Amino acid sequence: MNWIVIILLALGVFFFAISTIGILRLPDFYSRLHAAGKCDTLAATLTVSAIALYNLHDLSFGSVLVSWKVFFIVFFIFMASPTATHAITKAALIVGVEPWLKKGGRE
Amino acid sequence: MMSQVFLSVALALVMLIFFTLIRALGGPTVLDRIVGVNMIGTKTTVLLLLIGLVYEAMPMFIDIALAYAFLNFIATLGACKYFRRSKRAHLVDDPATEKELPA
């Protein structure tokens, strides 16, 4: 049980690090959004699932209730984070952030 | 043992929050800053849950984390709506470097 929690936490921190490297290093706004939107959702889902799983190690009514709320946070992040990314992308297209093209590239 | 694991994961998350803060403070456009703040909010939700596990006060911190996740989502949507309304968003701090894209 504990090893599953540790593996899920390690994978979550790994994907958080990937998204941070992506948001720092990628060349333009839309590719940074690509790194931020997907890696962050996956990493938060993995990490919070690990926390909910660890919380179930002593089975009682209270811990099941708390784990149910933690899984609700997982569900909410899984729904809300791509929606927020979509909203940011739409705002950027309307405001007019230019995508990064190769030299002589076309849209 | 598990308490030390949670503590080290929380320290790694704090370090990653500082790296994300670089983009949130110095991002070239306003929308970059919104993305950075959104990512910091997601990391902070996880960090609050880890603090709850370390201090063994989970039923209190779970509500705080839930409220923080809601607030993060609403704040991002509100900021996006605001910048969609204003047709001339102040995209870049220095207008001289507006066309200079990073290679």
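How many residues of chain B are in contact with chain A, and how many of chain A with chain B? I looked this up before anything else in the entry. The model is a predicted one, and in it 40 residues of chain B are in contact with 40 residues of chain A.

I then asked which helices of chain B supply the side that touches chain A. Helix H1 (2–26), helix H2 (30–54) and helix H3 (58–85) of chain B each supply at least two residues of that side. H2(B) gives the most, with 13 residues. By class, I noted 29 nonpolar, 7 polar and 4 charged residues on the side of chain B that touches chain A.

Next I turned to the fold of chain B. I found 3 helices and 0 strands in this chain, and along the sequence the pattern reads α-α-α. Chain B has 103 residues, of which 36% count as buried. I also checked the contacts within chain B between residues at least 6 apart in sequence: 53% of these join residues at least 24 apart.

Last, I looked up the confidence scores. The model scores ipTM 0.85 and pTM 0.84. For chain B I recorded a mean pLDDT of 83, with 83% of its residues at 70 or more.

Where does pLDDT stay under 50 in chain B? I located this at residues 96–103 of chain B, for which the model has 5 contacts beyond four places in sequence. Where pLDDT is low, the predicted coordinates should not be read in detail.

Conventions:
Residues numbered from 1 in each chain as written. Chains lettered and ligands numbered in written order. Predicted model: local features only at pLDDT ≥ 70, side-chain atom pairs only at ≥ 80, totals over all residues. Contact = placed C-beta atoms within 7 Å. Helix = DSSP H or I, 4+ residues; strand = E, 2+ residues; numbered from the N terminus. Nonpolar A, V, L, I, M, F, W, Y, C, P; charged D, E, K, R; others polar. pLDDT = per-residue confidence, 0-100. Buried ≥ 20, exposed ≤ 12 C-beta atoms within 10 Å, placed from the backbone.
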